[in-house]
Amino acid sequence: MFEKKYLDYELSPYTGMTRRSWIAAAEYLLEGIFNNISDIEAPVVMPRYETEVTYPPKDAPEWRKKAEVFEGLCRSFFISAPLIHIEPELVLNGINIREYYKKQVLYAVTPGSDNYVLNYSDIRALEKNDDPIAFYQQTVETAALVICLWLSKEEIWDTYTKEEKDRIAAFLTDFAHSNTVAQNWRLFNMLDMAFLYMNGYPIDEDIMRDHAQNILHYYVGGGWYRDGQSFDYYSNWAFNMYTGIWNIWYGYEKEPYIAAKFEENSNELMKTYPDFFDRDGFTNMWGRSGIYRNASTSSFDGNLMMKNPGLDPGLARRICSGSLLQFLERDDFLWNGVPTLGFYGPFIPLVQGYSCAESPMWLAKALLCLHFPEEHPFWSAKENNGIWEKLQKNETKVTTLDGPALCFANHEANGITELRTGKVVKNKHDLHGIWNYGKLVYNTKFPWECTPKDQYRCESQQYVIEYLDEKTRSSNGGASGNNGISRNTPNAVFWYGEKNEVLYRRQFFEYETETETHHMTAIDLADFVVPYGILRADKIRMYRRPLRITLGAFGFPDNGTEIIRKTEKMNTTDDISYKAIILKGHDHTGKEKQLAFTVMDGWSDIEIVKSKGTNPDSENSIVVYAETRREKQYGYEPYFLISQVITKESLEDFEEDEIFPVKEIRYTDPQRCGGYGPVTISLKNGDEKQIDFYGIESRLEL
């Protein structure tokens, strides 16, 4: 496990981390990798413990096997390139690192070499592929290659002969001017061409301009870009990091209008992106490619490359160091010296089929800050903690961005940041995509849990419905229950936005364009912050019944958990009691954890389910969930489902008024079902929120 050293708590009062500390961290990561490399001739192919999801499979085509070799080379080069510039004679496992990469880069681009990874034209010839828009993984890695050759220019690129440089340039040219994916991949081709241009090689400037204008027009505001349908960290480790490099290599000189827009967008991101992290600098587990972990901080580096960066460098380093330590200080982060296929330890539900054993090295984007010299403000400014130094006791700062449909809340009470998302649509069978994007809330200290093992009734931070009159299918592709009842989780999240401090969204179950939405079960979401979490007041929109509805809290690491049940009698004519379950325990590292889930109007009961192998932090876990039924096809039954999840990093008891915060719920309809009219929730602390879904139909966005 990594141990911090070369610390300076005057310069870095929050983490102690200095540039020398970061150099030591990079060496730690690289040493683990090189302990798996036998000699200077061997490629960067790491031990593999997973073969069902990741590539290459046993029957993979030759180009796919070569892609793994190239991915290992270029992504490990991301770690080593800054080090080569700082310590050109660095030796690990008996191998001179500079000489290794100088040699292996040439092998990768040289036909006939054992480690040749194939250029674009060779792959097309081998594939006999008639697809006019075929693309290949190697394109991704070429961008890493050119960045690393730039970072180690004096030590590697400048030492090649003209013939060797020409050989590398010919390989890059083939990929740079060939097919790519019509999303963030365009930036890979742009960087290839920019590197070639910078080094005197010809490029097609129209192709460059076409890619650049497309990238620019993926922009949605707030510094975020739409990457395909979804919004995720690709806006940060691709769009807002690569554009900084492209600007200084090419854009400022050749495309000043586009470059200025990229800089403007980057500065816009910096106004709010620091608040995406929590008080400790932790990164939220959200969106695809979670195995890249703290690469989410790389956009800070991209902004500081701009001519006129808008970022506070002391805050940037504090977040970058906190996020780095989030992973390096865990004993389960590495497997055989290599970052695991997971978020913390191995966690296959997080992993995509486009990943291989070497893919997690992409987290090295976070290490690009090492290219800044010691005197750069990123290293010389004193650490500060931004908004976390300004929040009042129990205050929560909420940032809502309508463009990318993101709402994040910084809770002073527990130091946690929670994220709520929208504009999400996934195939109804894509449970993996739903976990990554469709959870109701993402929490920096309680990463998302997948479906509890052998449990069909609930999901963490998601609604699940079961049609009780249908026992034939499970539309999400998950296991139907023991009784075969159909089980569904939402696969689309529409966004309305914030109104009077309440966030409004809508989730559809079994969403698909070939079915009219009035033939889909839906739930209107309304939630607002409380000091330690989120209070929900959601309204069901069911087109058919009878059904069972469940809602899970965050997955809780179970390393010996105290389970407490509480009730509170409400002063109403309906003889209502609110129920809560409180969990107290520790995560894998021994840190104290506490969660309280309270159910109020609309719910009939609250229970727990224990699971194994479904939580990214710990082998064993617990999900607390609420449930209720609606029996009548057209009966006027309660529509509102009111609940709260609060968490803290301490075993100190929550106050009773924190567990049961509601003083009164006032309905417009005399039946108190919430079928029409506003619903007003009065809290014991004096706050009051009015929930009114009327009119949200006017601007739901996807």
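C450 is found in the loop between β11 and β12 (463-467); strands here (E, at least two residues) and helices (H or I, at least four) are DSSP runs, numbered from the N terminus. At 5% relative accessibility, C450 counts as buried, a word that I use for under 20% relative accessible area, with exposed for over 50% and partly exposed in between, using a 1.4 Å probe and protein chains only. Leaving aside neighbours within four places in sequence, C450 is in contact with F347, P349, W435, E459 and T614, where contact means heavy atoms within 4.5 Å. C450 and S611 are 161 residues apart in sequence, and their C-alpha atoms are 10.0 Å apart in space.

Before I continue, a word on the basis of these values. This is a predicted model, in which local features need pLDDT of at least 70 and side-chain atom pairs count only at pLDDT 80 or more, while totals for chains, interfaces and linings use all residues. Residues are numbered from 1 along each chain as its sequence is written, and side-chain values use heavy atoms, with hydrogens and water left out.

Let me turn to the sheet. Its 4 strands form an open sheet in the order β7-β8-β9-β11, with antiparallel pairing. β7 (396-401) and β11 stand at the edges with a single partner strand each, so one side of each has no neighbour in the sheet. Two strands are said to pair if DSSP finds at least two bridges between them.

Strand β8 (residues 406-411) pairs with β9 in the antiparallel sense over 5 bridges, and L406 stands opposite T421 in β9. The two strands β8 and β9 form a hairpin with 5 residues between them, and G415 in the turn has a positive phi of about 75°. On the β11 side, 2 bridges join β9 to strand β11 (residues 442-443), again running antiparallel; here E418 stands opposite N443.

How many residues of strand β9 are buried? The count is 5 of the 5 residues in β9 (residues 417-421), so this strand is largely enclosed by the rest of the structure. In a regular strand the side chains alternate between the two faces of the sheet. In β9 both faces are covered: T417, L419 and T421 on one side are buried, as are E418 and R420 on the other.

I now come to the nonpolar interior. A nonpolar core is a set of buried Ala, Val, Leu, Ile, Met, Phe, Trp, Tyr and Cys residues joined through side-chain atoms within 4.5 Å. The largest such core has 150 residues, of which F34, F77, Y101, W246 and F276 touch the most other members. Not counting residues up to four places away in sequence, F77 touches P82, I84, Y101, V105, L145, C148, L149, S152 and I156.

V146 is found in helix α5 (residues 138-151) and is buried, with a relative accessible area of 0%. Beyond four places in sequence, V146 touches L172, L191, D192, F195 and W249. The C-alpha atoms of V146 and L196 are separated by 8.9 Å, although these residues are 50 apart along the chain.

Next, the aromatic rings. A search of the whole structure finds 61 aromatic pairs. Rings of Phe, Tyr and Trp (its six-membered ring) pair if their centres lie within 6.5 Å, with planes under 30 degrees apart counted as stacked, over 60 as edge-to-face and the rest as tilted. One of the pairs is Y225 with F239, which is stacked at 4.7 Å centre to centre, with 10° between the planes. This pair links Y225 in strand β4 (residues 224-225) to F239 in helix α9 (residues 234-254), 14 residues apart. Y225 is buried at 0%, and F239 is likewise buried at 0% relative accessibility.

Charges also sit over rings, meaning that NZ of Lys or CZ of Arg is within 6 Å of the ring centre and within 35 degrees of the ring normal. K307 lies over the face of Y252, 4.4 Å from the ring centre, and K593 lies over the face of F446, 4.9 Å from the ring centre.

Finally, which residues does the side chain of N267 reach through polar contacts? N267 lies in helix α10 (residues 256-270) and, at 19% relative accessibility, counts as buried. Its side chain makes a polar contact with the side chain of N303 (2.8 Å) and reaches the backbone oxygen of N308 at 3.0 Å. A polar contact is a pair of N or O atoms within 3.5 Å; within protein, one must be able to donate a hydrogen and the other to accept it, and residues adjacent in sequence count only if both atoms are side-chain atoms.
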